[in-house]
Amino acid sequence: MVQSSVLGFPRMGANRELKKANEAYWADKLSRDDLLKEAKRLRLEHWKIQKDAGIDVIPSNDFAFYDHILDHIQLFNAIPERYSQASLDPLDEYFAMGRGHQKGGVDVPSLEMVKWFDSNYHYVKPTFQDNQTFKLASDPKPVVQFLEAKEAGVHTRPVLVGPVSFLALGKADRDQSVDPISLLDKLIPVYVELLEKLKAAGADTVQIDEPVLVLDLPQKVKDAFKPAYEKLVGDKLPKLLLATYFGDIVHNFDVLPAVQSLYGIHIDLVRNPEQLNSVIEKLGSNQVLSAGVVDGRNIWKTNFKRAIETVETAIQKLGKERVIVATSSSLLHTPHSLESEKKLPEEVKDWFSFAVQKVSEVVVIAKAVTDGPAAVRDALEANAKSMQARASSERTNNKAVKDRQSKVTASDMERKSPFPERYAQQKKHLSLPLFPTTTIGSFPQTKDIRIQRNKFTKGEITPEEYEKFIEKEIEDVIKIQEELDLDVFVHGEPERNDMVQYFGERLDGYVFTTHGWVQSYGSRCVRPPIIVGDVSRPAPMTVKESKYAVSISKKPMKGMLTGPITCLRWSFPRDDVHQSVQAQQLALALRDEVLDLEAAGVYVIQVDEPALREGLPLRSGTEREKYLSWAVDAFKLSVAGVQDSTQIHSHFCYSEFQDFFHAIAALDADVLSIENSKSDAKLLKVFEDKAYPRHIGPGVYDIHSPRVPSEQEIKDRIAEMLAYLKPEQLWVNPDCGLKTRQWKETKAALINMVNAAKFYRQKY
Ligand code: GLN
Ligand code: ZN
């Protein structure tokens, strides 16, 4: 019999109950007991969903209040002293590491949080001391939750993060210099102790995640696997299924322990189906292959035919007893259930599968390969019909879009003239001073703005009333910018709910869910729009607001768009056409918008691409270069239609460009604005080293905090920047948009910023 398994289930609940409970607890509106009760209820519900669906191997310890890596930090007592010495209750200590704690005389910031591989989930980075020790927590959570499931009649396979990934994904604490991987010898005994306890509790198999195996690893990390895993086998320990996802492991297969010591290996066959044969060849003679064929990263129905073929290939070589059908990764990255969606067009809803549905898909595939297709005939037929309907739908086949794409040429991606000529014209046209000042687009999104937008969405005010309100907001921010004496104005983006959703709602080819929430970090969830078909722009999206802003302002107005890669990355993309095709469609839609803005008198246009870096393939090499090439092309296609005298800006919320500087340079944007106030000005050195010829506005202050930077601070910051950038290259602006700020600190900070710019203007 071929078993079915799930690597992890979303934690939030059908209605984001965990988010609500956590936040109520943080706000002292829910007791600890009630939070614990709610979490237990969710765990039991999620196990039941999987059990009722017929899953053979159900995960436990995939639940986390905040983040599963943070769970392991506490589990192994890798808790920096600043938290442990606060003598908080363990749950509060846990939240203190995740989100900081400022209560009852304790004031600690959170640990660093970073993106989980190339997903939009964020994990808490383990932070180690030079004299780090580890100690297993009493009542270890994996054991407690295994027993909890057992008591509810569900036999589970606990999930742990493996020791090598746990260390390799961490870092030395501030002021410490320890190389995390050197701590392996100290950590392994704790894993042994934990595994023994799991076995004693009745766990026969444990899923041990080593996702770092899909990365390019430093030799030291590679060398860590063998010694680590050799110690994790024994009669007193459960069998280990080593799980990898989000990439292929062929390049790292040799670093694995004498493979016989592992019960089996899980690989992601959605992302890298081509690794199947190489991995099978390397498996030991009794080892199990867990075949990840149901995508844990998106919302599309699995193509049963294709998935069954893949699993059959494995069965032919290994036999039914040695193959498990599984999700490609944890389902953490998918929304809870499609059942909650009442507003999706029926045609499109039939193409989707959220976590609850994916669980059933795994069961169908396992049954099909165990008992033969006849056993699940209805499901297979319905699936084939759905695949067929999607492939031939008008939504996925917009002839006009495809025709236009077939006519795109390399010259469409190039500006009319090289930068020096463009700049000469822009200078005349825009008459900007040295050290021009501007902002990144949004101004504070006040409560009033939210209220009015809500009223408008609910139909409580008319479109005309809402438009009047937005115009008034635009007038206000323009007046403020005049008072502040900024040089390039923005309209403030009051009409935008979210920088991707706003555009998605105005493009054909997108749909939106009402409950499609995915955990981003802690209690924060996002609801990505979904690209279902060929994308096109039925009508201008931002022109009305920008044009109005131009009509009432004395200074150049900057139009504000979200770039093709960011629109793509912060949505659920299609899985039936390459992402480069979707990016190009978005680019063509934006190109029309850019030209319409220009025609409306907007001669400075900013196309934000903060998501460019997170799309980078996990490993360096050809894949990465290919991505950068089509991503850069998409950006250039979106902006290159303008006149030389129109100035193109782009914005990035970070300044670590070392790994892909050539791509940033290739964007050929006239002005880049980037984050720089929280990072080191030294990062700007690469612009000097590579003789970057165009203009740059490194953020002079942090917009994530209400703190007002003094004029002197900003002057000092500009001085640091001038060590690497020429005065005629430098723009002066904040790090990012101001939408999350209050007006009070925004004005105060911008006054200081403009004064600092004026100081340098006089000096040069
Ligand atoms: N223009 C956007 C804003 O100012 C940019 C946001 C971002 O970079 N994330 O809000
Ligand atoms: Zn930003």
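Select residues 205-209, strand β10, together with residues 239-243, strand β11, in this predicted model. The two strands run parallel, and five bridges join them. Pick out Asp-209: its bridge partner in β11 is Ala-243.

Eight strands make up an open sheet, and the order across it is β1-β14-β13-β12-β11-β10-β8-β2. The pairing in the sheet is parallel. At the edges are β1, residues 3-5, and β2, residues 58-60, each of which pairs on one side only. From one strand to the next, the twist averages 30°.

Then select helix α13, residues 355-371. Helix α13 lies across β1, β13 (288-294) and β14 (323-327). Relative to β14, helix α13 runs at about 160°.

The axes of α11 and α13 come within 10 Å, with a crossing angle of roughly 50°. An angle between 35 and 65 degrees counts as oblique, so α11 is oblique to α13. The crossing of α11 past α13 is right-handed. To see the contact, show the side chains of Phe-304, Ala-307, Ile-308, Val-311, Glu-312 and Ile-315 in α11. On α13, show Val-364, Ile-365, Ala-368 and Val-369. Colored by class, this contact of α11 with α13 has nine nonpolar residues, no polar ones and one charged one.

Move on to helix α22, residues 579-599, and helix α23, residues 622-639. Their axes come within 7 Å and cross at roughly 20°. Angles under 35 degrees count as roughly parallel, so that label applies to α22 and α23. The crossing of these two helices is right-handed. From α22, select Ser-580, Ala-583, Gln-584, Leu-586, Ala-587, Leu-588, Leu-590, Arg-591 and Val-594. These meet Trp-630, Ala-631, Ala-634, Leu-637, Ser-638 and Val-639 of α23. The contact of α22 with α23 divides into 11 nonpolar, three polar and one charged residues.

Another helix pair to select is α26, residues 711-722, with α27, residues 743-763. The axes of α26 and α27 come within 8 Å, crossing at roughly 50°. The two helices are therefore oblique to each other. Helix α26 passes α27 in a right-handed crossing. On the α26 side, show Glu-711, Ile-714, Lys-715 and Ile-718. On the α27 side, show Asn-752, Met-753, Asn-755, Ala-756, Phe-759 and Tyr-760. By class, the residues of the contact of α26 with α27 are six nonpolar, two polar and two charged.

Finish at ligand 1. Which residues are closest to ligand 1? Select Ile-440, Gly-441, Ser-442, Pro-610 and Gly-737, which are the closest of the 13 residues that surround the ligand. The shell around ligand 1 is made of six nonpolar, four polar and three charged residues.

Terms used: Residues numbered from 1 in each chain as written. Chains lettered and ligands numbered in written order. Predicted model: local features only at pLDDT ≥ 70, side-chain atom pairs only at ≥ 80, totals over all residues. Pairing = 2+ DSSP bridges. Helix = DSSP H or I, 4+ residues; strand = E, 2+ residues; numbered from the N terminus. Axes fitted to C-alpha atoms, helices over the stretch in contact; angles between N-to-C directions. Contact = placed C-beta atoms within 7 Å. Parallel < 35°, antiparallel > 145°, perpendicular 65-115°, else oblique. Left-handed = near helix turned anticlockwise from the far one by under 90°. Nonpolar A, V, L, I, M, F, W, Y, C, P; charged D, E, K, R; others polar. Near = placed C-beta within 6 Å.
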